[in-house]
Amino acid sequence: MSKPLSDKIALVTGGSTGIGLASAQELAAQGAKVYITGRRQQELDAAIALIGSSAKGIRADVSRLDDLDKVYAQIAEESGRLDILFANAGGGDMLPLGAITEEHFDRIFGINVRGVLFTVQKALPLLGAGSSIILTASTVSVKGTANFSVYSASKAAVRNFARSWALDLKGRGIRVNVVSPGPVKTPGLGELVAEEERQGPV
């Protein structure tokens, strides 16, 4: 059976659960060698067991630049390049405007905006012509959602990153795309969205 991503090297941040894990599994099924990151070693180990022998887990927090440096140092040493970068790590929780705190804002923007920016920037030396960058935004980036303004604003920033970086990188032949899913049944969704409003398999 043909595997169109044979010999490709991929990195999925936030790849130990949810959309990231499903994406890493599909990349591996298509023949890619897949690196995944996550903050919890137990979840990383479980994800690698699901994905298979073509995957490697690296414990890292994308909001920490020294963690990102370690991720790319390992990929550079072991694989020498990166063909696919899925900057997927992100998260958020719901607070009404009057309850938003500095910690809430800094945490969400630290992962969803700062983390995505430096995940992509620090990958650039490993990305060559024909490589692909994919970012995870959200449908809330283009519509108002009660009690979800900080998360929504962070995902609007990600959507604009994709539009701007596509222009920045077109001369290098690097594609930049963004996916904007709605509510999907993942562990990270937790109690944020009512069960009947979710989509996709458990």
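**Working chat: helix packing and selected residues**

Visitor: Starting with E43, what does that residue count as in terms of relative accessibility?
Guide: In this predicted model, E43 has a relative accessibility of 30% and therefore counts as partly exposed.

Visitor: And where is the place of E43?
Guide: E43 sits in helix α2, and, once residues up to four places away in sequence are set aside, E43 touches S16 and T17. E43 and T17 are 26 residues apart along the chain, yet their C-alpha atoms are separated by 7.4 Å.

Visitor: Staying with α2, at what angle do α1 and α2 pack?
Guide: Helix α1, residues 18-29, and helix α2, residues 41-51, pack at about 35°, and their axes lie 9 Å apart. The crossing in which α1 passes α2 is right-handed.

Visitor: Which residues make that contact?
Guide: On the α1 side the contact is made by L21, A24, Q25 and A28, and on the α2 side by A47, L50 and I51. Divided by type, the residues of this contact of α1 with α2 are six nonpolar and one polar, with no charged residue.

Visitor: Now α3 and α4: how far apart are their axes?
Guide: The axes of α3 and α4 are 10 Å apart, with a packing angle of about 35°, and α3 passes α4 in a right-handed crossing. From α3, the residues in the contact are L65, L68, D69 and Y72, while α4 contributes R114, G115, F118, T119, K122 and A123.

Visitor: How do those residues divide into nonpolar, polar and charged?
Guide: The contact of α3 with α4 has five nonpolar residues, two polar and three charged.

Visitor: What span does α4 reach, first C-alpha to last?
Guide: Helix α4 runs over residues 102-123, which is 22 residues, and reaches 29 Å between its first and last C-alpha, close to the 32 Å expected at 1.5 Å a residue.

Visitor: Which residues of α4 are buried, and what covers them?
Guide: G110 is itself one of the buried residues of α4, which also include H104, I108, I111, N112, V113, G115 and V116. Further along, F118, T119, V120 and A123 are buried as well. The cover over the buried residues of α4 includes α3 (65-78), β4 (82-87), β5 (127-136) and α5 (149-169).

Visitor: Since β5 came up, is S131 buried or exposed?
Guide: S131, which is found in strand β5, has a relative accessible area of 2% and so is buried. Leaving aside neighbours within four places in sequence, S131 is in contact with L82, D83, G173, I174 and R175. S131 and L85 are 46 residues apart in sequence, and from C-alpha to C-alpha they are 8.2 Å apart in space.

Conventions: Residues are numbered from 1 along each chain as its sequence is written. This is a predicted model: local features need pLDDT of at least 70, side-chain atom pairs count only at pLDDT 80 or more; totals for chains, interfaces and linings use all residues. Side-chain values use heavy atoms; hydrogens and water are left out. Axes are lines fitted to C-alpha atoms, for helices over the stretch in contact, and angles run from 0 to 180 degrees between N-to-C directions. Helices (H or I, at least four residues) and strands (E, at least two) are DSSP runs, numbered from the N terminus. A crossing is left-handed if the near helix is turned anticlockwise from the far one by less than a right angle, and right-handed if clockwise. Contact means heavy atoms within 4.5 Å. Ala, Val, Leu, Ile, Met, Phe, Trp, Tyr, Cys and Pro count as nonpolar, Asp, Glu, Lys and Arg as charged, and the others, Gly among them, as polar. The expected span of a helix is 1.5 Å times one less than its number of residues. Buried means under 20% relative accessible area, exposed over 50%, partly exposed in between (1.4 Å probe, protein chains only).
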